Amino acid sequence: MVYVTVMQSPRYQQMTLEDLMDDNFNETEYVNYMITNTRTYAVERLNEKKLERYDFVGMIAMLRDFNKAHAPLFSIDRKSLYESFKIPKQSGGLRPIDAPKPVLMEALRQLKFILETRFMALYHTTAFAYIRGRCTIDALKKHQQRESRWFVKLDFSNFFGSTTLEFVMSQLSMIFPFSEVMKNEEGKEQLTRAMSLCFLNGGLPQGTPISPLLTNLIMIPIDHQISNTLRDFDKQQFVYTRYADDIMISCKYDFKYQEVFKMVVDTVAGFKAPYKLNPNKTRYGSNAGSNWNLGLMLNKENKITIGHRKKKQFKAMVHNFIRDYRNGINWEKSDVQVLNGLICYYKMVEKDYIEHILSSYSKQFNVGVRTVIKDRLKCAS
């Protein structure tokens with residue numbers, strides 16, 4: 001089975017598999033689209049005549065040149081090429097981050113560019129993390145649009161760290177055009193060598209520019225099979241979305257979530273994936289309760305909200321910021337950036353409420369909140 005993923009954009013007519021294989025297909029236009037949705041086809045074999053228009057030899061040559069240009073990196077102790085530290089997790093605890101040093105960072109950025117442009121690396125349409133033009137809100141909207149009322153949330157344990165080079169290569173052998181490149185002995189060797197540069201301690205490190213791309217790419221077959229199975233599973237229709245290691249499956253009606261859990265486990269095992277679902281993080285319930293998903297709530301009125309507690313915290317934050325400003329107390333640039341980021345993000349969820357808060361405090365203190373934020377960021381830069 002070969003998985004071919006093509007893109008769909010609201011600005012263009014939906015692209016089909018035949019469009020991709022058409023002789024008039026423009027590869028430059030393909031990579032310059034504003035990508036939003038994709039469509040994946042699982043086929044037994046590809047049309048040999050259509051494949052002739054693809055420069056697989058050129059793809060292999062590009063990998064060879066990349067490996068040659070960065071040859072010294074392969075012989076250096078990999079740990080010495082990273083800066084390791086921890087950052088707080090939203091759910092509590094600390095998240096380990098391994099950030100590449102400049103020389104490795106540049107190489108990984110180059111490889112990411114090669115995969116995105118020459119190899120047209122994409123993602124399944126049910127994936128929402130680390131994708132331009134997509135965010136947590138978009139993932140939740142998929143469930144909102146279907147008026148889902150019952151939800152099961154699943155979580156992979158150590159998603160990035162569990163991803164091995166062997167599994168990546170196994171998945172790429174089924175994903176076009178990597179599948180064709182790997183049919184060539186040198187192509188497989190060069191691709192494997194290039195991919196090996198992305199790993200640390202046997203897994204994908206969090207903190208590199210290429211790890212998110214690779215996980216979305218290799219999950220295409222798994223996302224595709226789970227999504228297709230759930231279209232009519234146990235005589236019900238479900239909605240499936242994945243945000244990195246967070247899976248959300250929903251339905252209009254109450255369902256046997258244990259059977260859904262088992263189906264996901266069996267599907268992952270069928271691809272011999274090194275991933276395990278964390279049973280301690282599995283949650284099932286309806287939108288009549290505290291239906292939190294990806295930091296947002298889809299309530300019983302089928303509305304997406306940031307929640308009462310976050311509204312209260314945001315309101316206090318804006319009040320303190322503008323009050324301190326009027327009293328001659330300037331916040332640190334990083335704190336102002338956090339506030340500005342919250343305003344931008346929350347406006348995407350509840351625009352009217354956020355605009356109301358900003359307008360209210362602007363009138364109360366007789367100074368524009370957004371104007372002050374803009375000035376403070378300019379002065380601090």
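This is a predicted model: local features need pLDDT of at least 70, side-chain atom pairs count only at pLDDT 80 or more; totals for chains, interfaces and linings use all residues.
**Close-up views of ring pairs and helix packing**

View 1. Tyr-130, Phe-156, Phe-159, Phe-160, Phe-167 and Tyr-275 are linked into a cluster by ring pairs. The count of aromatic pairs comes to 19.

**View 2. Ring pair between Phe-56 and Phe-176.** The ring centres of Phe-56 and Phe-176 are 6.2 Å apart and the planes stand at 90 degrees, so this pair is edge-to-face. Distant parts of the chain are linked here: Phe-56 belongs to helix H4 (residues 56–69), while Phe-176 lies in the loop between helix H9 (165–172) and helix H10 (178–181), 120 residues apart. Phe-56 and Phe-176 are both buried.

**View 3. Ring pair between Phe-159 and Phe-160.** With ring centres 5.7 Å apart and planes at 75 degrees, over the 60 required, Phe-159 and Phe-160 form a pair that is therefore edge-to-face. Phe-159 is buried, as is Phe-160.

**View 4. Arginine charges over aromatic rings.** Arg-53 places its charged end over the ring of Tyr-54, 5.0 Å from the ring centre. The charged end of Arg-193 sits over the ring of Phe-74, at 3.9 Å from the centre of that ring.

**View 5. Packing of helices H4 and H11.** The axes of H4 and helix H11 (residues 185–196) are 9 Å apart, and the helices pack at an angle of about 40 degrees. That angle makes H4 oblique to H11. The crossing of H4 past H11 is left-handed. On H4 the contact is made by Ile-60, Leu-63, Arg-64, Phe-66 and Asn-67. H11 contributes Glu-186, Gly-187, Gln-190, Leu-191, Arg-193 and Ala-194.

Conventions:
Residues are numbered from 1 along each chain as its sequence is written. Side-chain values use heavy atoms; hydrogens and water are left out. Rings of Phe, Tyr and Trp (its six-membered ring) pair if their centres lie within 6.5 Å; planes under 30 degrees apart count as stacked, over 60 as edge-to-face and the rest as tilted. Helices (H or I, at least four residues) and strands (E, at least two) are DSSP runs, numbered from the N terminus. Buried means under 20% relative accessible area, exposed over 50%, partly exposed in between (1.4 Å probe, protein chains only). A charge sits over a ring if NZ of Lys or CZ of Arg is within 6 Å of the ring centre and within 35 degrees of the ring normal. Axes are lines fitted to C-alpha atoms, for helices over the stretch in contact, and angles run from 0 to 180 degrees between N-to-C directions. Angles under 35 degrees count as roughly parallel, over 145 as roughly antiparallel, 65 to 115 as roughly perpendicular and the rest as oblique. A crossing is left-handed if the near helix is turned anticlockwise from the far one by less than a right angle, and right-handed if clockwise. Contact means heavy atoms within 4.5 Å.
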